[in-house]
Structures are given as structure tokens and as C-alpha cells.
Amino acid sequence: MNSPRRAVLSTAALTLAFSALVLSESAHAAKPVGSDKGANTDQQGGGDDTGIYAAARIQYSGAVAKSGSGNVASSDVNWTPPPCWYAPYLGAKDFKKKMSKDIDTSKNTPGMGGTAGSAIGELERHYEDDYGWTDTPGYKDYNVEKDGEGMFWAGVENPDEPDYLKRKSCTDLPFWVENGEAPPPQHEEAITPEMLAALAYQHMELPDTEVTLAPEAITKVNLPTWAWLDDAAFDEVQATAAINVPGFNIEATTTATPKSLTLDPGTEDATTIPANGECPIVDGRIGEPYAKGRSDETPPCGIVYGRSSNGGTFPLKASLTWEISWTGTGQAGPVGLPDGTIEAVQDITVQEAQAVNR
């Protein structure tokens, strides 16, 4: 049964009812639906004491942090991974078991009357008595007659999203999706391979930027300091994120490839080589290793300090830029993502002298 004239009221009321229902649970279960599907590399399906079946946990593999975000910062300040998304949650019978129990608990909670009580009643009608509205069908007995033919999807928070409101923004009520079919188009945040690629990017752990210098740690005023990266720094790095549940299997692999090195001397009284401080990859390497007898040459990548550090040090910051792309389910070829960067700082002592024996 659909009720178009009550669509706006019902949507708001049911969302509030569902929130109240979730918040009435115990401390462990008082997270929004799906919030226990956090970003861990060892996520597995299975039940817990709340009855939630963690079937849609994202599984990470490859070069990913053991917990939380990785060490890559996007070069595009406007690019962010999804703060939340909708993903498969429970089969019909499991969903009925959990939802009906939570509704009964909420109905018997002291003070759950008035608008809140009415909303809980509408929520019960929505899943039990086929009560729906335009573009949002109701369900008869929680769709148990279709158990195994699909799953209820629900909102999942990105636990590494710092913005509380964004993290809580996937507020649609759990909705049914048949196996092999796409989620209804109104649920724009339904998980996709591109979103998985962004999450793999967020969790990617790249090797530290270890720049080799000559002279090392202690240099001289007006003496070119050579900088380069060892060949090992150019290894391609990959991270994969996947969801695998009955009737729904997608994945994406995000690949990072070194692109350029940017040097920040840590003082304005210094000149970088090249002048913009960005050392590109040339013939498969960044910079060139210093060799004895080249002290009069200008390095392809380096720094010339114009004054001493006066007994202290300058914080030399080296930022390695990585070119990021992804491939995934249904994607014909690699698709670009914003470049990523990782930074490392090392202290440099600069002494007063015009030359040094090498």
C-alpha cells in the first residue's frame, strides 16, 4: 500500500522513529545501523550478541593501514572519500528478527509516546503491513517470503570521517534490494566500485619518503646538496577494497605510482634545484646519486643553502607525489583519482664554509 499524500510526513517520522529505535539499544548496539562494519583489514561475516550479521563489511587487502586511515594525503583539498554509504545489511529473516525485537523494545520504553510512539507504529506498519509511499514501497512481514532472494540495505558510517554531520548523513530507512539488481536510484550513496576505490585510497599505506642527501645531515653554505630517491621508492603500490555477500560482489583496486619529489628547504634563504622545488621522474629515477668528483656540477635535484643554521637545524621537508588510479568491477580500464602525497621531514645542519673536500 502506497500513501503519496503522507510521503513527506512519513519519511521524516519514520527516520526519527528508526533513530529512536537504534538509540534505545544497549551501549554496544547503540550505534547507527552498519556502524559496526568499520574499516578493518580482518573483517569477516558472522553474528554478534546484537544479532547483526556483519555480511557487508568492507574487506581491505594489499598496502593498507592495519586500522584507521593510511598515510596518503590527497593533493586535491576538495576531494574526500565517502563519509557514509548504503550497503547490504541483513537477509529478510534476520532483519525481521532484529527489527521486530527493537520495535517491541522501543514501544515498551517509558516515555515513548506522542509523536515518537506514533512514528514507531508507522515504522512497524512499514515493514509488517506493506505501508509505503511514493517511490518507497512497504513490506509484508519483512519480506520473509523472499528470504535468500535479496537483502535489506542500510546506512554505514565511515569511522574515519571527522565531520560528525557528514558521517551521520545516510539516514534512509533500510530498503530491500533483489540479488543481482541495482539499488533504487533515490539512494544515491549506495556503495559502488568507485566508492570502494576511494576507501582503498583512504586506507592506503605508502612507504616512507626517504630522500638520500649528499652531503648527508651536515652541509655547507653555498654548496649544492644533492638529493635523490633509491630505486626501491618507485615500486607500484596497490590497495583493494571489496564487498562479497550472496547476490552482491564488487571490488576496486587503487594503484599508486611515484610521480615527483618536492623539496622545501625549511628556510627562505635557500635555492631549490629545479627552481620550483619539484624534481620529476627522468629515465625512471628522481635525482641522481652523488659520485666523487662531481662537487662542481649542478645536481638535477637538490638545494643550495644561502646561510648557516647558526648552530641549529633547518627542517627539510620532502614530499613525494604519487599518481593514483583505480580499476574495479564493471570498469573497462584505469580511472584517475587525485594525486596523493606523503611527507617526511629531516633536520639539516648548515655550516659556514664556501667549500668542502669530498
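How many bridges join β10 to strand β15, and in which sense do the two strands run? The legends below take up this pairing and other close-up views of a predicted model.

**View 1. Strand β10 pairs with strand β15.** The answer is 12 bridges, and the two strands run antiparallel. Strand β15 covers residues 314–328.

View 2. Strand β9 spans residues 237–245, and strand β10 spans residues 248–264. They run antiparallel and are joined by 9 bridges. Look for I243, which stands opposite I250 in β10. Between the two strands lie 2 residues. In this turn, G247 has a positive phi of about 85°.

**View 3. Strand β10 also pairs with strand β12.** Strand β12 comprises residues 278–282. Here 3 bridges link β10 and β12, again in the antiparallel sense. T262 has E278 in β12 as its bridge partner.

**View 4. Four strands make an open sheet.** The order is β6-β8-β14-β11, with antiparallel pairing. At the edges stand β6 (211–214) and β11 (270–273). Each has a single partner strand, so one side of each is left without a neighbour in the sheet. On average, neighbouring strands of this sheet are turned by 20° against each other, direction ignored.

View 5. Strand β8 holds residues 224–229, and strand β14 holds residues 302–305. The two pair in the antiparallel sense over 3 bridges. P224 stands opposite V304 in β14.

**View 6. Helix α5 is largely enclosed.** Is this helix, residues 193–203, mostly buried or exposed? Of its 11 residues, 10 are buried, so the rest of the structure largely encloses it. Buried here means under 20% relative accessible area. Among the buried residues are P193, M195, L196, Y201 and H203.

View 7. The structure holds 3 cavities of 30 Å³ or more. This view shows the second largest cavity, with about 60 Å³ of space. Its lining has 13 residues. Nearest its centre lie W153, V177, N179, G247 and F248. G247 is also the residue with positive phi in the turn of the β9 and β10 hairpin. Strands β4 (150–157) and β5 (175–178) each supply at least two lining residues. β4 gives the most, with 3 residues. By type, the lining of this cavity divides into 7 nonpolar, 4 polar and 2 charged residues.

Notes. Residues numbered from 1 in each chain as written. Predicted model: local features only at pLDDT ≥ 70, side-chain atom pairs only at ≥ 80, totals over all residues. Heavy atoms only, no water. Buried < 20%, exposed > 50% of the residue type's maximum accessible area, 1.4 Å probe, protein only. Pairing = 2+ DSSP bridges. Axes fitted to C-alpha atoms, helices over the stretch in contact; angles between N-to-C directions. 1 Å grid on protein atoms, 1.4 Å probe; cavity = no way out; pocket = protein on both sides within 12 Å on 5 of 7 lines; lining within 4 Å. Points joined across faces, edges and corners; volume = space filled by probe spheres on them. Nonpolar A, V, L, I, M, F, W, Y, C, P; charged D, E, K, R; others polar.
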